Amino acid sequence: MARALRFLAGPEAMARLRRDGVSDALFGTMAGASGGPKWLALTRLDRAILSRWFKGRTRPLAMVGSSIGSWRFAAMARHDPGEVLRRFEDAYLAYVPSDATMPTLTRESRAFLDIILGSPSTGDRSGGGEGDRKGAREILAHPCMRLFVLAVRGRGMLSARHPAALAAGIGAAGLANLVSRRSLPLFFQRTLFADPRGADPFDLTAGFPTHRVALTTANMGDALMASGAIPFMLDLVRDIGGAGPGAYMDGGIMDYHLDIPFTPGPDLSDAADTPDRPDLGGGDLVLFPHFGPKVVPGWFDKSLSWRRPAAASLARTLLLCPSAEFLAALPHGKIPDRRDFTALAPVQRQRYWRQAVAETDRLADEFLDAVDRDRVPDLLEPLRG
């Protein structure tokens with residue numbers, strides 16, 4: 001039987017892993033991409049990673065995500081991450097939209113966020129109140145997880161309240177992006193909502209200039225909502241505390257699959273060598289559980305086959321993803337995606353999604369087997385983006 005899980009490594013990551021083997025101490029950063037329902041392909045793998053590589057970890061780990069990637073990482077930074085991820089998965093699989101209007105979808109997205117940051121089922125109060133603050137306190141007090149949430153603030157027409165102005169701004173940004181991704185800062189300001197205890201996970205002045213805002217118990221819910229606020233699907237999030245006035249929206253617009261040259265992990269430069277694994281260095285590799293082998297830089301680049309990530313962004317990355325053979329064997333030959341909401345009746349979609357998620361237990365099993373048997377170095381393939 002073909003393997004379900006692939007281990008793809010950039011050149012520096014491949015050399016390091018083949019020399020030193022696999023240890024959580026090698027990783028200073030974890031990356032989480034946008035992708036909506038595609039995250040369901042990773043939910044069981046996330047739990048396996050938590051149970052093996054990062055269980056009991058005390059050294060800081062920068063968890064950098066946009067959209068659903070940041071939501072996954074917020075769940076992983078709770079006191080009982082496995083249980084939070086399970087509840088989030090269960091609710092997502094059972095979800096049937098009340099209607100397709102922006103206010104309804106926004107309200108129901110907030111309810112999903114309440115599962116991650118605190119909900120009535122755990123004794124918290126939902127709806128942006130004490131439940132949110134309780135979850136945020138846990139995340140900001142976690143002994144090693146450091147949450148970094150990517151969003152963008154619209155400039156000019158892209159901060160307007162009138163839908164026609166927003167549509168014109170999105171159209172202009174898409175056309176400009178055809179010429180160059182470097183044009184995007186004319187339309188959007190990349191904003192990083194950062195755990196105040198963590199060092200910056202990338203150079204905030206290189207590439208897209210980035211505005212850094214401290215994550216707090218008061219703004220975490222809005223930051224996470226903004227990171228996944230797809231224009232015309234969800235209401236944009238306005239005037240987030242500490243971030244300044246304006247309309248904040250989906251971080252995947254600029255950082256769809258995180259084409260970012262991450263710096264070494266925070267506070268790990270003095271990591272001590274161990275007798276059995278010398279020269280572990282600063283934990284400077286990037287772990288990237290992903291939906292597939294392709295890394296798409298920005299949301300506007302999804303249909304641009306020539307738009308590739310920078311080599312430097314992938315050099316130190318270990319990317320875990322489903323194999324083509326695994327995907328082909330799933331119902332409908334693919335992992336869940338947002339199109340399923342309109343292509344399938346609710347009962348059909350729920351059945352398909354549950355079957356697909358159950359199959360992803362193979363990804364978790366193969367990950368744990370490869371780690372337990374120290375086979376990861378032998379399974380590495382080149383990561384080409």
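Visitor: How do the residues of the lining of the largest cavity divide into nonpolar, polar and charged?
Guide: This is a predicted model, and in it the largest cavity is lined by Ala31, His257, Leu258, Phe262, Val286, Phe288, Val295, Ser313, Leu314 and Thr317. Strand S9 (285-289) and helix H9 (311-314) are the elements that give two or more residues to this lining. Sorted by class, the lining of the largest cavity has 7 nonpolar, 3 polar and no charged residues.

Visitor: How many cavities of 30 Å³ or more does a search of the whole structure find, and what is the volume of the second largest cavity?
Guide: The search of the whole structure finds 2 cavities of 30 Å³ or more, and the largest cavity holds about 50 Å³ of space. For the second largest cavity, the volume is about 30 Å³.

Visitor: Which residues line the second largest cavity?
Guide: By class, the lining of the second largest cavity has 5 nonpolar, 2 polar and 1 charged residues. The residues in this lining are Ile260, Pro261, Phe262, Val286, Ala312, Ser313, Arg316 and Thr317.

Visitor: Are helices H2 and H4 roughly parallel or roughly antiparallel to each other?
Guide: The axes of helix H2 (residues 43-52) and helix H4 (residues 81-94) come within 10 Å and cross at roughly 175 degrees. Because angles over 145 degrees count as roughly antiparallel, the relation of H2 to H4 is roughly antiparallel.

Visitor: Which residues in H4 does H2 meet?
Guide: The contact of H2 with H4 divides into 3 nonpolar, 2 polar and 5 charged residues. From H2 the residues taking part are Thr43, Arg44, Asp46, Arg47 and Leu50, and those they meet in H4 are Pro81, Gly82, Leu85, Arg86 and Glu89.

Visitor: What classes of residue make up the contact of H3 with H4?
Guide: Helix H3 (residues 68-76) packs against H4 at an angle of about 135 degrees, with the axes 7 Å apart, and H3 is therefore oblique to H4. In this contact, Ile68, Trp71, Arg72, Ala75 and Met76 in H3 meet Pro81, Val84, Leu85 and Phe88 in H4. By class, the contact of H3 with H4 has 8 nonpolar, no polar and 1 charged residues.

Visitor: Over which residues does pLDDT stay under 50?
Guide: The chain averages a pLDDT of 90, and 91% of the residues score at least 70. Where pLDDT is low, the predicted coordinates should not be read in detail. One stretch under 50 has 20 contacts beyond four places in sequence, and another has 37 such contacts. In that order, these stretches are residues 120-131 and residues 266-282.

Terms used:
Residues are numbered from 1 along each chain as its sequence is written. This is a predicted model: local features need pLDDT of at least 70, side-chain atom pairs count only at pLDDT 80 or more; totals for chains, interfaces and linings use all residues. Side-chain values use heavy atoms; hydrogens and water are left out. On a 1 Å grid over the protein atoms alone, a cavity is a set of points where a 1.4 Å probe fits but cannot get out, and a pocket is an open set with protein on both sides within 12 Å along at least five of seven lines; lining residues have an atom within 4 Å of a point. Grid points are joined across faces, edges and corners, and a volume is the space filled by probe spheres set on the points. Helices (H or I, at least four residues) and strands (E, at least two) are DSSP runs, numbered from the N terminus. Ala, Val, Leu, Ile, Met, Phe, Trp, Tyr, Cys and Pro count as nonpolar, Asp, Glu, Lys and Arg as charged, and the others, Gly among them, as polar. pLDDT is the predictor's confidence in each residue, from 0 to 100. Contact means heavy atoms within 4.5 Å. Axes are lines fitted to C-alpha atoms, for helices over the stretch in contact, and angles run from 0 to 180 degrees between N-to-C directions. Angles under 35 degrees count as roughly parallel, over 145 as roughly antiparallel, 65 to 115 as roughly perpendicular and the rest as oblique.
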